[in-house]
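Take a slow look at the chain before you read on.

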Amino acid sequence: MTTISQQLGEFVSGLTTNSLPQEVVWKAKSCVLYGLSIAMAALDSRQAQIAEAAVTEAESTEKGSTTILSGKKTTAGAAAFANGVLFQSRGQSDAYGTMGHFGPAVISTVLALAEQEDFSGAEILPALVAGYEVAGALAKDHIRTTVERGWRGSPTYDVLAAAAPAAR
């Protein structure tokens, strides 16, 4: 019997840009544009400034991934964290139809790793889709129970939303 983890792993590893329907490509691109728009609108966010200051102090590098707020270079993980806080700081994240808002985790992770590894936009599309789809697939049937038990849905599933594209 194939486990859920195995099924999701096979799905993520099997995604290619050419296998994505055009409507999925369009949606992934629109999610990135929306996330970046929210990030631009949040440039005065105090929590994003604090997050970026902490990571740039601890994890600055000459080469690495860029923090959106100041353009400083850090490790990919630090940039993903700082940019994720920026994306989330206005509370206007995209919704995925599951009571979850996975964009800050997915987009910040993908952009940080893409810059580190010098991936093109076409190369990162499967990773973007993987993040939203894996988190959405798991949250679809469980997020209501998660919230009813007192947990915030997005942070609970954001770990998976970031892990899937990182693995891809």
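Which side chains meet in a salt bridge? They are those of E115 and K73, with 2.6 Å from N to O. Remember that this is a predicted model, and the distance is computed from it. A salt bridge here needs a side-chain nitrogen of Lys or Arg within 4 Å of a carboxyl oxygen of Asp or Glu. The pair passes because 2.6 Å lies within that 4 Å limit. By this rule, the count for the protein is one salt bridge.

Now find the two partners. E115 sits in helix α5. K73 belongs to strand β2, which covers residues 73–74.

Step back to the whole fold. The protein has seven helices and two strands. Follow them along the sequence and the pattern reads α-α-α-β-β-α-α-α-α. Helix α4 takes in residues 76–88, and helix α5 takes in 103–117.

Between those two helices runs a loop, and F102 is found there. Is F102 buried or exposed? F102 is buried, because its relative accessible area is 0% and buried means under 20%. Next, compare F102 with A122. They are 20 residues apart along the chain, and their C-alpha atoms are separated by 20 Å.

What about overall size? The C-alpha trace spans about 45 × 40 × 30 Å along its principal axes. With 168 residues, a compact globule would have a radius of gyration near 15 Å. The protein has 16 Å, so the value agrees with that of a compact globule.

Look next at the inside and the contacts. Buried residues make up 41% of the 168 residues. Take the contacts between residues at least 6 apart in sequence: 62% of them join residues at least 24 apart.

The accessible surface comes to about 9,400 Å². Carbon and sulfur atoms account for 56% of that surface. The protein carries 12 positive and 16 negative charges, and the mean positions of the two sets are 5 Å apart.

Conventions. Residues numbered from 1 in each chain as written. Predicted model: local features only at pLDDT ≥ 70, side-chain atom pairs only at ≥ 80, totals over all residues. Heavy atoms only, no water. Helix = DSSP H or I, 4+ residues; strand = E, 2+ residues; numbered from the N terminus. Buried < 20%, exposed > 50% of the residue type's maximum accessible area, 1.4 Å probe, protein only. Rg over C-alpha atoms; globule rule 2.2 N^0.38 Å. Contact = heavy atoms within 4.5 Å. Areas by Shrake-Rupley, 256 points an atom, 1.4 Å probe, with all protein chains shown as cover. Lys, Arg positive; Asp, Glu negative; His and termini not counted. Charge placed at Lys NZ, Arg CZ, Asp CG, Glu CD.
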